[in-house]
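Me: Please take a close look at one part of this structure, the salt bridges, and go through them pair by pair. I would like to know where the partners sit and how exposed they are.

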Amino acid sequence: MTRGLHLTGWTYVAACGLALTAWSWRRAATHAASPAIAADPHGSAEQWFAALKPYCNAVEVEIRQQQSPPPATLAGAGYSAACYALAGRIDQARAMINRVATAKRWRAAGIVFDVGHPVADAGDDRSAGPIMELVLEYWPNNYMALYHAGMSEYALGQQDLARTHLQQFLNLYTNNDGWRQNARATLDRLDAS
């Protein structure tokens, strides 16, 4: 009988050990899902942004960029600004661009444009409009930013801004394609209202 009790006791201890191990693995996996981002100091700004992009939202953007600052390069400032812009933090995005030498700010804004362009193409006018307007502050002749800003403003009922940006787009973009035709049709609707 003693031998049976010993065997039962050791079986119980082994089961508890397995349960404790499984619990600790599950707990570690839960905490590993949102670690502080450790950017590789030798990595590129693109790599930094790829790691940070899931956190480019209004709730997490500030703390994540504090935990893992962008590389101290033009591209780092551009991607940091893009992350803030995606999160709707346009003032912080502008502050990041303004850290770049004045003559090169349009290049940082170009990174913001590249990141924000898919948002505009997806039709998210509330998000795309402010991003494109930010790009235009530094790169006023970016014809696609003019188009997307104008279309966003039109969708949001900002008729005067829409008219201005779409007319500037038509002045710069001369290809007779869907972009131009859509801008022209939108201007026609604005003129009719």
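Reply: Arg94 has a relative accessibility of 23%, so this residue counts as partly exposed. The model is a predicted one. The side chain of Arg94 meets that of Asp91 in a salt bridge, with 2.9 Å from N to O. Both residues belong to helix 5, where three residues, about one turn of the helix, separate them. Asp91 counts as exposed, because its relative accessibility is 57% and the cut-off is over 50%.

Asp160 is exposed at 60% relative accessibility, while Arg163 is partly exposed, at 26%. Elsewhere, salt bridges with shared partners connect Asp91, Arg94 and Glu137 in one network.

Arg89 and Glu62 also pair through their side chains, at 3.5 Å from N to O. Arg89 has a relative accessible area of 24% and is partly exposed. Glu62, with 27%, is partly exposed as well.

Counted by the distance rule, within 4 Å from nitrogen to carboxyl oxygen, the model has six salt bridges.

Methods
Residues are numbered from 1 along each chain as its sequence is written. This is a predicted model: local features need pLDDT of at least 70, side-chain atom pairs count only at pLDDT 80 or more; totals for chains, interfaces and linings use all residues. Side-chain values use heavy atoms; hydrogens and water are left out. Buried means under 20% relative accessible area, exposed over 50%, partly exposed in between (1.4 Å probe, protein chains only). Helices (H or I, at least four residues) and strands (E, at least two) are DSSP runs, numbered from the N terminus.
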